[in-house]
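Dear colleague,

Here is the structure that I promised to hand over to you. Please open it beside this message, and read the notes below with it in view.

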Amino acid sequence: MIRIVLPYHLRKLAQVDGEVRVQVDGQVTQRAILDALEAQYPVLRGTIRDHVTQHRRDFVRFFACSQDFSLEAPDTPLPEAVAKGEEPFLVVGAIAGG
Amino acid sequence: MSRVRLLVGTHKGGFILTSDAKRQRWDVSGPEFAGWEIYHIKGSPVDPDRLFASQSTGWFGQQIQRSNDGGKTWASVDNKFVYEGKTGTHQWYDGTPHPWEFKRVWHLEPSLIDPDVVYAGVEDAAFFRSTDGGQTWHELAGLRQHTTGSAWAPGAGGLCLHTIVQDPSDSRRIFIAISAAGVFRTDDGGETWRPMNRGLRSQTIPDQDAEVGHCVHRIAMHPSRPRTLFMQKHWDVMRSTDGGESWHEVSGNLPSDFGFPIDVHAHEPDTIYVIPIKSDSEHFPPEGKLRVYRSRTGGNEWEALTNGLPQSNCYVNVLREAMAVDSLDPCGVYFGTSGGQVYGSPDAGDHWSAIVRDLPPVLSVEVQTLS
């Protein structure tokens, strides 16, 4: 299972506490993780990436294994530690504004 | 016994304020959706316990929330606002073409006759409709694809469709207002639209009498007189008596003809309210005195209403969605400020008091009169 850490507002929207776990079949990429996340929690559609373009929203970042994957292509494989569930995939609301 | 319920949208959540018909003691609940910008909350006139709320942030985009129990519980409905057809461009601040991009829902307007129908005014300016209580949204693209659409340009607050007024005598006639394009009217339920800006003059555009390009801040209608409309424009208070075909200035003796909200007394169609704001650039009450102005003659002759409002050192603003009237007798009038106060008057504006003082900056105020 893939472990995902969501920011506070998205946890509230999805009505979850703590980490979220999703099943990803095949290669573990940003796109695959987000597809699985949105399938499990439809309320999150449009909150992390645009409904139509599927581009990451400007003030959302993706971290894992102490690295920033925000600017990576969505189909780039993520580290094995994420795929194995040893490390979480972090969806982060960027620090901006008050 | 009648009750009133105020629906208050703020920069950091939504609040519901309730009172009995005396409107002296208020219960405050909230914040709902804490930390999110709540641009607008409005209830269905057909089913007052059905409420719709526009919830957004710059981080995570748009949500639409719906309550079927008067705001006790809420559930997310569809948040997918996709422009129909070839998207095209509008004019950007620098005059260049800019692709239409959805940013947020400014205004939700439930139908007067069907609790499952609700309209949404969005930024970049477009008109959406849901016929299933918000479960799905579809653009009525005839507005955005009007021949003038590619020339619409945003005001400082964005290219927003912020006002939707339904004609209670004809469900197919709807007025909308866009900053900074102006007023448009449909007579066929939203399929086709005509600009309704004749008589408006704006010094901020090259052709002061242009068909479109006017920064209309708000329009209001009394339900018994659907051909009479009142407008607060970015400078000038205006009136139309022919369904928006032509407008005439009624600013009269106002200390400033700039402001954002305008509303009509529930039982006196010629009695209207505005809140003058000093502009250009300052956007706070003239002389630091928070004054509501009332005209009992449909404009031109205005009186200041000050009893209970701060008359010194007051530098708040009142935004376009942030004033409402109830339908009790006497009519209640309410408004919210950028300082987080919500003021109410239970006697048509003669006396005011602060219902709450320390909310986040207020974006919108709606009121429901409940039996």
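On a 1 Å grid over the protein atoms alone, a cavity is a set of points where a 1.4 Å probe fits but cannot get out, whereas a pocket is an open set with protein on both sides within 12 Å along at least five of seven lines, and lining residues are those with an atom within 4 Å of a point. This is a predicted model, in which local features need pLDDT of at least 70 and side-chain atom pairs count only at pLDDT 80 or more, while totals for chains, interfaces and linings use all residues. Residues are numbered from 1 along each chain as its sequence is written, chains are lettered from A and ligands numbered from 1 in the order in which they are written, and side-chain values use heavy atoms, with hydrogens and water left out.

**The cavity**

The structure holds one cavity of 30 Å³ or more, and the largest cavity contains about 30 Å³ of space, where a volume is the space filled by probe spheres set on grid points that are joined across faces, edges and corners. Its lining is made up of B:Arg23, B:Trp26, B:Tyr334, B:Gly344, B:Ser345, B:Pro346, B:Ser353 and B:Ile355. At least two of the lining residues come from each of strand E28 (342-345) and strand E29 (353-356) of chain B, strands being DSSP runs (E, at least two residues) numbered from the N terminus.

**The two domains of chain B**

The domain assignment, which is automatic or from a database, divides chain B into domain 1 (1-34 + 248-371) and domain 2 (36-221). Their centres, taken over C-alpha atoms, are separated by 22 Å, and the contact (heavy atoms within 4.5 Å) takes 27 residues from domain 1 of chain B and 27 residues from domain 2 of chain B. Together the two domains bury about 2200 Å², 56% of it on carbon and sulfur atoms; buried area is the accessible area (1.4 Å probe) that two parts lose on being put together, summed over both. On the side of domain 1 of chain B, the residues that lose the most area to domain 2 of chain B are B:Phe33, B:Arg320 and B:Glu321, with 33% of what that side buries. Two salt bridges are found across this interface, a salt bridge being a side-chain nitrogen of Lys or Arg within 4 Å of a carboxyl oxygen of Asp or Glu.

**The largest pocket**

Where does the largest pocket lie? Domain 1 and domain 2 of chain B both give residues to its lining, so the largest pocket lies between them. Its volume is about 1000 Å³, and of its 36 lining residues the closest to the centre are B:Lys42, B:Glu109, B:Val325, B:Glu366 and B:Val367. The largest share of this lining, six residues, is given by E30(B).

**Salt bridges and the chain contact**

Over all chains, 30 salt bridges are found in the whole structure. In one of them, B:Arg50 meets B:Asp116 (2.7 Å, N to O); B:Arg50 lies in the loop between E4 and strand E5 (51-57) of chain B and B:Asp116 in the loop between E10 and strand E11 (118-123) of chain B, so the pair ties together parts that are 66 residues apart in sequence. Between chain A and chain B the count is zero salt bridges, although 17 residues of chain A are in contact with 16 residues of chain B.

Best wishes

How values were computed:
Helices (H or I, at least four residues) and strands (E, at least two) are DSSP runs, numbered from the N terminus.
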